[in-house]
Amino acid sequence: MKRTSLLAGVALALGLATGAMADTTKVGFVYVGPVGDGGWTYEHDQGRKAVVEEFGDKVETVYVENVAEGPDAERVITQMALQGADLIFTTSFGYMDQTVNVAKKFPKVKFEHATGYKTADNVSVYSARFYEGRAVQGHIAGKMTKSNIVGYIASFPIPEVIRGINSAYIHAKKVNPDVQFKIIWAYTWFDPAKEADAAKALIEQGADVVLQHTDSTAPQAAAKAAGNVITFGQASDMSEYAPFPRVSSIIDDWAPYYIARTKAVMDGTWTSTNTWDGIGAGMVGIGEISDAVPADVKAEALALKDAIASGEYSPFTGPLKKQDGSDWLGDGETADDGTLAGMNFYVEGLEGDIPQ
Amino acid sequence: MDLSAINPILLIASLMVAATPLLLAAVGELVVEKAGVLNLGVEGMMIVGAISGFSIAVETGSPWLGFLASAVGGAVLSLLFVILTQVALANQVASGLALTLFGLGISSLMGQSYVGVKPPATPDLYIPILSDIPVIGPIVFSHDLILYLGIMIVAAVWATLKYTRVGLILRAVGENHDAAHALGYKVVRIRIMAIMFGGACAGLGGAYISLIRVPQWTEGMTAGIGWIALALVVFASWKPWRVLLGAYLFGGITVLQLNLQAAGVAIPVEYLAMSPYIITILVLVILSADKSSAPASLGRIFHASH
């Protein structure tokens, strides 16, 4: 008897609670790694926290970590929509089709998919021009390498990653014509042990600069153990490895975007958009360039950053050729967003094939 | 393509390092399964071992105390599995899955203040003369002690299962727990000890990742190695030396394929990326053509009244 009344009390309390929260906006986040990865997912979660801080009681956020890319993501996104989320951010490329599928079933829920290209009436896409940051990294890498071998831990062969490789290579080559890139496709966004192995393999083969497009800090630790290898923070500042081996970083800052989009849902002004911002808009930040970098190189890198931020220079400015030697961009010509968004080729000088 | 960029000596040395976490976890699970218990919580016990070992190593400054703590941590977590399956007689598959989920969660809680911390270095063994022999020295005589411990555990498990009374009893419990019970053996007690041994080994394997192979703490850093260990035990037909072979093959090809990629070998990357799985499975399946089968009581619940 007592238990029944207790249950009834709980049910009533829950009912009251949901009633009281009816005018809050519920925002869901789907993460590909753990929030403590120190990289990609960590920064998305910082964005989520910024939303909470901005709106306080008016917003309720939920998130699910470690959601595998592929079919399982559909289940998680559906679950979030069923739980009454008004706005859902799916924060990895591999959730693209799943996001679109779920969005069809929940026309009133707004969806935001990171780094993809498929939109719908209730699906926006957003991404950052990480390749702008890669240009700065490439410049520093080209200047700093002594062995002229730069290692690159790539994740999956998607346009975003290929853009990064090309941009870094172009700018390393510009300051160091002898530079060579060794690229390893790890086929994972997050696997510290494998990332460490990849970094070690690159270092054993002579790389003294390691760039990464995977999310954990494991390559930083491998570089630190090797002693004479420099790295760059990826997605997050990774400042715990500064000033050496980490000499700079690309920092994703999602907070302003997440706050603006949440506000739009609250105000009822949300529309499907395609956002692609870079250093200029503040979505891509360049982490502090440490003292391990000579002052003149640092000054050049900062000048390059400023030129990109102001829009006077694009990292993909001709003359540029594709890997097969065919012409891509003429002298002074810059790449259009369509080509960049679907980039599936290396620029001239890079070795190896992109996995298809 | 520039194969000369690959240094075979460094390659073999680093494949042994890459294989060790898998080896430790798999040989522990082998003993558990030989006792007739299927513990799917290897991943959870590994990650708890990884953070237990990491935190103790950081706090005390001693990697050895860290490894000790990791074994204790893994074994303590496995006690939860013991309570569920051996005392409460819950389903082993469900309990094991729960153990993994719980382990991942509690490890990230325990690890909150250890993100970005550098652990004390684990010294590599250095034996005068032996370590200086060209080729053999760097491959055989200059690793950390835990790597050798892993190989010794495999040898000890093999010898114990094959030649000792303890091993015979353990196998009897795994093959037919009712008969073993009728003979007067304490089935539950033996299984509890086997499960704790498995937990300790998995914990050591996890700490090997967080203290030596990576070395740092990151949430979820075992990234599925526990599951590969589970599969490895099956493909190795519950035989210790085959677990060693499988772990070295898997670790070796993983490292080799990364090296081949870096050297720019003209094999499509997709094939290289799947090669560790395919080759390990192929070799072990071919080896297991001798009709060795799973312990007959594997995964079945035992209660003395049955």
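## Two domains of one chain

The C-alpha centres of domain 1 and domain 2 of chain A lie 31 Å apart in this predicted model. Domain 1 of chain A covers 2-129 + 254-277, and domain 2 of chain A covers 130-251 + 285-341, with bounds from an automatic or database domain assignment. Where they meet, 17 residues of domain 1 of chain A and 22 residues of domain 2 of chain A are in contact (heavy atoms within 4.5 Å).

## Buried area

Together the two domains of chain A bury about 1,500 Å², 62% of it on carbon and sulfur atoms; this is the accessible area (1.4 Å probe) lost on being put together, summed over both. On the side of domain 1 of chain A, the most area is lost by A:Trp40, A:Arg129 and A:Trp276, together 41% of what that side buries.

A:Arg129 forms a salt bridge with A:Asp337, with 2.8 Å between the closest N and O atoms.

## Who lines the domain 1 side

Two elements of chain A, α2 (40-55) and β5 (123-128), each give two or more residues to the side of domain 1 that touches domain 2; they are DSSP runs, helices (H or I) of at least four residues and strands (E) of at least two, numbered from the N terminus. The largest share, three residues, comes from α2(A).

## Reading notes

Residues are numbered from 1 along each chain as its sequence is written, and chains are lettered from A in the order in which they are written. Local features need pLDDT of at least 70, side-chain atom pairs count only at pLDDT 80 or more, totals for interfaces use all residues, and side-chain values use heavy atoms, leaving out hydrogens and water.

Terms used: Salt bridge = Lys/Arg side-chain N within 4 Å of Asp/Glu carboxyl O.
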